[in-house]
Amino acid sequence: MNKNTFISELSRKLRGLPKPDYDDAMNYYIEYFLDAGIDELTDVTPLVGSVDDVAARILEECTDKQVEKVTKEGGVKNSTKAIWFILLGILAAPIAFPVAFSIIIVIIVLIFCAVAVVVSLLAASVGVVVAGLAAIPAIFWAETGSQAMVLVGFACVAISLGTMMCIAFYKIGELLIKGIIKLIRFISKKRNDSKVKKAQEIQSPNLNGKGFENVSAEEIHQRGGEA
């Protein structure tokens, strides 16, 4: 695979990434090939590894950063991005499509069930708040002072309890989604440990002309593309 085909395939596999992450990854390999003086006919696979391994490694790094962001900051947006990165990583992994499709379906179903439970609990909490608000107009039709006080008390309790339930269930839902993301990530990393290790050990020409030596992607980055 020459450098143009490699860049084209890598671009296709990473196009689901946010633009800043996509640009960083693509610019790194474009500049690396330029600095190394790779011509149009050279097979770059022995130098940087297969495009599948490179894409999987980039997505792995992006996913790790996003999962860490979810752990620190939380939020629906961060969680959604983390799930999206995990799904992209599964699709980019060198595994059979039926297997990848099955894994994705299981993840989607698991997340859908968790969201459905949380939304149902939040809806019930909102219902309690609405019941409290609905009791307020009834106060003006109370026949006695004691009835009015009972209605006021019911309205205050219902509104306060419903509000606290909304906050509590939202936090529980956030923790549940975080837990699911961590669990999926843990399983994914366990499954890919051996593959990622091999992907990080890529071959680069030996400066002494003795063939190839195994170096990590980080070492190649530090060399600045020297071959």
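**Helix contacts and ring pairs**

User: Which residues in α1 meet residues in α2?

Analyst: Contact means heavy atoms within 4.5 Å, and helices are DSSP runs of H or I with at least four residues, numbered from the N terminus. Here K3, F6, I7, L10, S11 and L14 in α1 meet Y22, A25, M26, Y29, I30 and F33 in α2. This is a predicted model, in which local features need pLDDT of at least 70 and side-chain atom pairs count only at pLDDT 80 or more, while totals for chains, interfaces and linings use all residues. Residues are numbered from 1 along each chain as its sequence is written, and side-chain values use heavy atoms, with hydrogens and water left out.

User: How do the residues of this contact divide into nonpolar, polar and charged?

Analyst: Ala, Val, Leu, Ile, Met, Phe, Trp, Tyr, Cys and Pro count as nonpolar, Asp, Glu, Lys and Arg as charged, and the others, Gly among them, as polar. The contact of α1 with α2 has 10 nonpolar residues, 1 polar and 1 charged.

User: At roughly what angle do the axes of α1 and α2 cross?

Analyst: Axes are lines fitted to C-alpha atoms, for helices over the stretch in contact, and angles run from 0 to 180 degrees between N-to-C directions. The axes of α1 and α2 (residues 19–36) cross at roughly 170 degrees and come within 11 Å. Helix α1 is therefore roughly antiparallel to α2, a term for angles over 145 degrees.

User: How many aromatic pairs are there?

Analyst: Rings of Phe, Tyr and Trp (its six-membered ring) pair if their centres lie within 6.5 Å; planes under 30 degrees apart count as stacked, over 60 as edge-to-face and the rest as tilted. The count comes to 5 aromatic pairs. The ring centres of Y28 and Y29 are 4.9 Å apart and the planes stand at 90 degrees, so this pair is edge-to-face. For Y28 and Y32, the centres are 6.4 Å apart and the planes at 10 degrees, so the pair is stacked. Both Y28 and Y32 lie in α2, 4 residues apart, about one turn of the helix. Ring pairs link F6, Y28, Y29, Y32 and F33 into a cluster.

User: Is Y29 buried or exposed?

Analyst: Buried means under 20% relative accessible area, exposed over 50%, and partly exposed in between (1.4 Å probe, protein chains only). Y29 is buried at 7%, and Y32 is buried at 4%. Y28, at 25%, counts as partly exposed.

Terms used: Helices (H or I, at least four residues) and strands (E, at least two) are DSSP runs, numbered from the N terminus. Angles under 35 degrees count as roughly parallel, over 145 as roughly antiparallel, 65 to 115 as roughly perpendicular and the rest as oblique.
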